[in-house]
Amino acid sequence: MLEAVVFYILAGVLVAMGLMVITRTNPIASALSMVVAFVALAGLYATLSASLLAIIQILVYAGGIMVLMIFVIMLLNLHPEDLKPMRARAGAVSLAILAVLGFVLGPIFLKVFPSGQWKMATLFPDFGSIFTVGEKIFSDYLFPFEVLSLLLLAAVVGALVLSKRKL
Amino acid sequence: MTGAQKLYLPEVLKGLAVTMGHALKNLLNPKGMPVISFPEEKKDLPPTTRGRHRLMKREDETPRCTACMLCATACPAECIHILAAESADPDVEKVPQKFDIDMLRCVFCGFCVDACPLDAIRMDVPEIDLAGYTRESLVYGKEFLMNHDNKDIVANYNPPRPVVWTHGPHAKP
Amino acid sequence: MDSQTFTLINITAMTVVMWLTPLQFIPFFIWLERKGSAIIQDRLGPNRAEIFGIRLFGLIHNFADVVKLLMKENITPSSANAFYYLLAPFWAMTVSLLPLLVVPLAAPIDIAGHTVRFQAANFGVGILYVLSITSMGVFGVILAGWASNNKFSLLGGLRSSAQMISYELSMGLAVVGLLMVYQGVKVDGIVESQGSLLTFNGHTLPLPNWGIFLQPVGFFLFLVASFAETNRNPFDLAEGESELVAGYHIEYSSVKFALFFMAEYSNMVVSAFLVSTLFLGGYQVPFASTETLVQKPQVTLFILCFMGITWGLAVGYLLYIYAQQQKPLYSGMKRWEPFILSGAGLGLAVGSLAILAFSSAITFPPWAPAVLAALLQMICLLTKVVFFCWLFVWVRWTMPRFRYDQLMNLGWKLMLPVALLNLLVTGVVLLIQK
Amino acid sequence: MDLLYPVTPTHYLVLSAVLFGIGVAGVLSRRNVFIALMSLELMLNAVNLSFVTFSRINGDLTGHVFVLFVVAVAAAEACVGLAIVIALFRLKETVDLDLFKSLKG
């Protein structure tokens, strides 16, 4: 019962904050809703016993990427005419399309994969902790991991080249 | 900067040693601190301090001021408010009926002292803690300005020495 | 009482305690800051506020401050974004109170078949939790800076958030070095491994197995980064008075300002707790492991009494010379006040001496050794924390403020490479030792 | 009530789908480049939630590893994306996506 309550609270916050992100006029308000959404998502990860990911979610997304985003929004001196509200028609149309898709695909999905289809597996101890995930990364996924570091380096250099006025 | 200074840390430690030395010295010998605990202990001010105003008196205890308004005109802060009245003395034309100085506006420039032709106003009362709980309490009236002067200062009053020009158009050969 | 209920009560109680701990430290810290700055600068410091003539060497000023801040006018600027403007101080305060939950106050003890833990939450992710919470602290500053609609506060907020992000990296890497050395992320595990003696190449050295000895570079990096994270001098550019008036909290008054003020000090208390827990052995008493303390209560009692004697005498002596050497400075101060306080110190010393003298005659009840050990460990941790609080004050009144480019250069060009190098060296040494 | 309780992996997957849908709607309907970027992040996070859920279903950590990679890629994306936004803002003085069409033929 407790799990269900926690899930619905977190899911509710997540969806509400997601809607806030796309409906707010002011990007700062969007970004802050996004932060709350990420914290809720971290909570959901924790209920799925992915403790490391929950922390990474807060540390990297909420504490890193979103701060960068807010930083840039504040740095660019936005004119008031830049802050256009959501285009109501486009929003309504896209949400309607998504709702139709949901209503068409949802029952099919539930038919093919009924609610009881998937069970949570019994987990080995330390599932999702820093040690087990680290072991997985540094054994099976070592090469992608190293390539990823290259990607990040490229991103850093790219960002510097793009944003610095005079190199 | 040298290499050791660029590392910051050695210099930081030196600085920390200095401040800790002061802290320990003062902790173990609080009497040695060069501190004046102000409202109770007061610093001796030099005799030429430009302090609060006072109004000078004639020998018959009437104010020297003749309400000529020169000080009020000279005042850049417009803090002097004078109301003139007929004088009882036939030799004196007028006396101030009211002479208020708003100390909250005064900027202590001393122009009023320079402007006065009768040496009736001076700024030599060595009071620097002019504070009050209400605005009204800091508007000093004639009675206050005439009677609340520092007796020691008045007794030892030394007018500032005249300026002796050593060069320029006023220079004396 | 079954064990589950007991654990629940234990966790709840410890959560409350750990939330209240920084709050309890704040008045003490502010007093330390004022008096410390005063004696560093050859001043006397606050000594006027009183309650019935009792002044407690300026400690009463904190109460006066609280009253002053609560009674001030609570202003919201008309052009501010009211919701976020109000949210910011609450966010700052909340986030500053959370990280202490993972810090253990003492080793767990067994009483009457139950294990009492002195740690509110033992997350599997351990110290990473602290890093993630502190990374959320930036938002309070950013929000305050942006929502006040004031260019000075915006500049202050931007500066401070850039600074916090930059130094978070060095802080995280310093912690990673520590995790490599102690082979674990859980805070209680890290503290437990700091209880033994340092071994190097099979030799046991006469040093405790503390992070500061294993990771000296990491210690300095963490310390400097925590100064920067708490926006504390020499890194307090966020509130560079000379150019930004007060930085991000320029528009805040009354209770909202009090919240920011408290959050700043609470952050420093948390930093002090973290540094002492991670690098100075936490609750561990040097050269006396938890087992020693529990098995030999005489030793525990001896250390406690020894501390009581030395501290009692030191405090008593200091207050006595204060009472002796008063000029008419503290006029209106009750002359007996320093004497009473110094008498209390002396009493502590004498009492400790008496207990020590008769300690061989004491028979300990079965619960006593564990409780005594826990008490000693808590006092030990608090001593370290108070030392770091003093360090914060000490550094603040010693160092000039950095310039902004110097700050960024230090963070990115000096501390980050050094932290990476530290990791490399640590890894190589660990590999060789294997 | 059967649908809502107990919470099964399907619930997480539905939530993930809803979140993805919100992200898509955001990208489609908002022209502010920051909000578009954030909607992209929302979509990435929706996928992450699916990964974690499937990982939980199978008791296998591959999903977690993948999420970590996605987070790293998202960080890189945000970093480069924001740099591009800054460069474009210097050029056009706006953050409206519709006005960034100079590459269009």
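In strand 3 of chain B, Val95(B) is the bridge partner of Ala85(B). That pair belongs to a predicted model. Its scores are ipTM 0.77 and pTM 0.84.

Start with the sheet around that bridge. Strand 2 of chain B pairs with strand 3 (residues 94-102) of chain B over 7 bridges, in the antiparallel sense. The sheet of chain B is open, with 3 strands in the order 2-3-5 and antiparallel pairing. Strand 2 (80-86) and strand 5 (139-140) of chain B are at the edges. Each has a single partner strand, so one side of each is left without a neighbour in the sheet. Strands of a sheet pair through backbone hydrogen bonds, either parallel or antiparallel.

Strand 3 (residues 197-200) and strand 4 (residues 203-208) of chain C run antiparallel, joined by 3 bridges. Phe200(C) stands opposite His203(C) of strand 4 of chain C. The hairpin has 2 residues between the strands. Asn201(C) in this hairpin takes a positive phi near 55°.

Now turn to how the chains meet. There are 3 pairs of chains in contact, and chains A and D share the most contacts. Two pairs stay apart. Chain A and chain B do not touch, and their nearest C-alpha atoms are 25 Å apart. Chain C and chain D are not joined by any contact either; their closest C-alpha atoms lie 14 Å apart.

Take chains D and A. Their contact draws 72 residues from chain D and 81 residues from chain A. The area buried between them is about 6,800 Å², with 77% given by carbon and sulfur atoms. The size of an interface is often given as the accessible area lost when the parts come together.

How many salt bridges cross the interface of chain D and chain A? The rule finds 1. Asp60(D) forms a salt bridge with Lys136(A), and the closest N and O atoms are 3.5 Å apart. Between chain D and chain A, 7 residue pairs are in polar contact (both at pLDDT 80 or more). On the chain D side, the elements that give two or more residues are helix 1 (9-29), helix 2 (33-58) and helix 3 (62-92). Helix 3 of chain D supplies the largest share, 23 residues. The side of chain D that touches chain A divides into 46 nonpolar, 17 polar and 9 charged residues.

Chain C also meets chain A. Here 22 residues come from chain C and 21 residues from chain A. The two chains bury about 1,900 Å² between them, 88% of it on carbon and sulfur atoms. Three residues stand out: Phe139(C), Trp146(C) and Leu158(C) supply 27% of the area that chain C buries against chain A, more than any other three residues.

The side of chain C that touches chain A takes two or more residues from each of helix 3 (82-97), helix 4 (127-147) and helix 5 (151-182) of chain C. Helix 4 of chain C gives the most, with 11 residues. The residues on this side of chain C divide into 17 nonpolar, 5 polar and no charged.

Methods: Residues are numbered from 1 along each chain as its sequence is written. Chains are lettered from A and ligands numbered from 1 in the order in which they are written. This is a predicted model: local features need pLDDT of at least 70, side-chain atom pairs count only at pLDDT 80 or more; totals for chains, interfaces and linings use all residues. Side-chain values use heavy atoms; hydrogens and water are left out. Contact means heavy atoms within 4.5 Å. Buried area is the accessible area (1.4 Å probe) that two parts lose on being put together, summed over both. Helices (H or I, at least four residues) and strands (E, at least two) are DSSP runs, numbered from the N terminus. Ala, Val, Leu, Ile, Met, Phe, Trp, Tyr, Cys and Pro count as nonpolar, Asp, Glu, Lys and Arg as charged, and the others, Gly among them, as polar. Two strands pair if DSSP finds at least two bridges between them. A salt bridge is a side-chain nitrogen of Lys or Arg within 4 Å of a carboxyl oxygen of Asp or Glu. A polar contact is a pair of N or O atoms within 3.5 Å; within protein, one must be able to donate a hydrogen and the other to accept it, and residues adjacent in sequence count only if both atoms are side-chain atoms.
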